Amino acid sequence: MQNQTSPLVLTFGVADPVGATGIQADLASFGAMGCHGLSVITALSISDTTGTEDLQAIDPDWVADQARVLLEDMPVAAFKIGYMGSVENVSVIAEIVSDYPAIPLVLDPFTTMLPDQDTSEEVLMAMRELLIPQTTLLQVSVDELSRLAETWREPSADTLIETDAQQLIEFGCEYLFVTGAPGEAHEVTNLLFSENGLVRSASWARQAGPFAGAGNTLSATMAAMLANGLDVPEAVSEAEEFTNAALTHAQRLGMGKLVPDRFFWAREGDSDTAAS
C-alpha cells in the first residue's frame with residue numbers, strides 16, 4: 001500500500017550556491033515544515049557568504065519545461081515564487097500558475113543578492129499586471145513596496161504603507177505582508193494587510209546580523225504552512241516564529257553574512273539526547 005506523501009511545494013527561483021537564499025533555502029524551509037520541495041530554477045548565481053558577483057537568467061522555455069513536467073506528474077499544494085530574472089520569465093510563470101487557480105501562491109520576487117541591482121520598471125510592471133492578481137500572499141519590505149508603488153504613483157518621501165497596500169490589494173493580491181515597517185529601533189515590525197485593512201501587526205527583537213536569507217525563510221515557510229492547510233494569518237504567525245528562531249541559531253558558514261539555521265530544532269534534539 002502506498003504511503004501518504006508530504007505536501008508538495010513548488011518553488012521558482014534562483015540557485016544560490018551558498019544555500020542562504022533562493023531555491024536551496026526554500027527547499028530547506030519546506031523540509032523543516034514537513035513538506036517536500038519541488039524546484040524550477042529561473043536564474044543561476046555566482047555567490048558566497050559575502051555577496052553575489054553575478055546572476056544569469058535561465059531561458060524562459062527551460063523555465064516553462066521544468067514546471068510543466070513536474071506539474072503533469074505530481075499534485076502541488078502550494079506555489080512559492082522568488083526571483084525570476086527577466087520579463088519573459090515573469091510572463092511564463094504567470095501563464096503556468098494561471099492553470100492552477102486553486103493552489104495558494106506566495107510571491108517574494110525581490111532579491112538583495114546584488115546590492116547595486118535595481119529591478120527594472122518593465123519587470124515590476126509585468127509582476128503587477130500578470131502575477132500580483134493571482135497572488136495569495138505578496139511579501140515585500142517597506143523599500144520594495146515603495147519601489148513597486150512607483151509603477152502607479154510619483155515617488156514620495158512620505159510613508160504611504162497603508163495606501164500602497166490597499167492599492168495592491170485592489171490590483172488583485174489577497175494578502176500583503178510588509179516587513180521592516182517603521183517602529184522601535186530595537187525591534188523589527190511586520191504588517192499583514194487584506195481587503196479589510198491591517199489584519200496583523202507583530203514586532204520582534206532585532207537580532208545582530210547581518211543575515212543572508214531572513215526574508216527568504218519567511219516566505220518559504222509561509223508557503224509550506226499554506227500547503228499544510230493553515231490560513232494566511234496563521235501561516236504568517238508560524239513563519240515569523242520559525243524565522244526568528246532560525247536567526248537566533250544562525251551560523252557563520254564563511255567570512256560574510258550569517259545564514260539562518262532552518263534545522264536548529266534537529267540539533268537541539270541531538271543535544272538533549274546526548275545530555276540525558
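**Entry 1: Asn89 and Thr42**

I started with the side chain of Asn89, where a polar atom lies 3.5 Å from the backbone oxygen of Thr42. I call that a polar contact: a pair of N or O atoms within 3.5 Å, where, within protein, one must be able to donate a hydrogen and the other to accept it, and residues adjacent in sequence count only if both atoms are side-chain atoms. A note on what I'm looking at: this is a predicted model, in which local features need pLDDT of at least 70 and side-chain atom pairs count only at pLDDT 80 or more, while totals for chains, interfaces and linings use all residues. Residues are numbered from 1 along each chain as its sequence is written, and side-chain values use heavy atoms, with hydrogens and water left out.

Is Asn89 buried or exposed? Asn89 is buried, because its relative accessible area is 0%. (Buried means under 20% relative accessible area, exposed over 50%, partly exposed in between, with a 1.4 Å probe and protein chains only.) I found Asn89 in helix 3. (Helices are DSSP runs of H or I with at least four residues, strands are runs of E with at least two, and both are numbered from the N terminus.) Setting aside residues up to four places away in sequence, Asn89 touches Thr42, Ala57, Ile58, Asp59, Pro60, Val63 and Met84. (Contact means heavy atoms within 4.5 Å.)

Nine of them form an open sheet with mixed pairing, in the order 3-2-1-4-5-6-7-8-9. (Two strands pair if DSSP finds at least two bridges between them.) At the edges I found strand 3 (51-57) and strand 9 (197-205), each pairing on one side only. On average, neighbouring strands are turned by 20 degrees against each other, direction ignored. (Axes are lines fitted to C-alpha atoms, for helices over the stretch in contact, and angles run from 0 to 180 degrees between N-to-C directions.)

**Entry 2: strand 4 and its partners**

I then looked at strand 4. Strand 1 pairs with strand 4 in the parallel sense over four bridges, and in strand 4 it is Ile81 that stands opposite Phe12. Strand 4 (residues 78-81) also runs parallel to strand 5 (residues 105-107), joined by three bridges. Here Phe79 has Leu105 as its bridge partner, and Lys80 stands opposite Val106.

In a regular strand the side chains alternate between the two faces of the sheet. In strand 4, both faces are covered: Ala78 and Lys80 are buried on one side, Phe79 and Ile81 on the other. I also noted that strand 4, helix 3 and strand 5 make a right-handed β-α-β unit. (Right-handed means that, with the strands pointing away from the viewer, the path from the first strand over the helix to the second runs clockwise.)

Helix 6 (residues 161-171) lies across strand 6, strand 7, strand 8 and strand 9, at about 40 degrees to strand 8.

Helix 1 (residues 22-32) is largely enclosed by the rest of the structure, because eight of its eleven residues are buried. Among them are Ile23, Asp26 and Phe30. After helix 1 comes Gly34, with a positive phi near 80 degrees.

**Entry 3: the cores**

Which residues have the most contacts inside the largest nonpolar core? They are Phe12 and Leu176, in a core of 46 residues. (A nonpolar core is a set of buried Ala, Val, Leu, Ile, Met, Phe, Trp, Tyr and Cys residues joined through side-chain atoms within 4.5 Å.) Helix 3 (residues 87-97) gives the largest share of this core, six residues. Apart from it I found another core, of 27 residues, including Leu137 and Met222.

**Entry 4: Asp261**

Last, I looked at the loop between helix 8 (232-248) and helix 9 (264-275), where Asp261 has its place. With a relative accessible area of 6%, Asp261 is buried. The Asp261 side chain reaches the backbone nitrogen of Phe264 at 3.3 Å. Leaving aside neighbours within four places in sequence, Asp261 is in contact with Ala246, His249, Ala250, Gln251 and Arg267.
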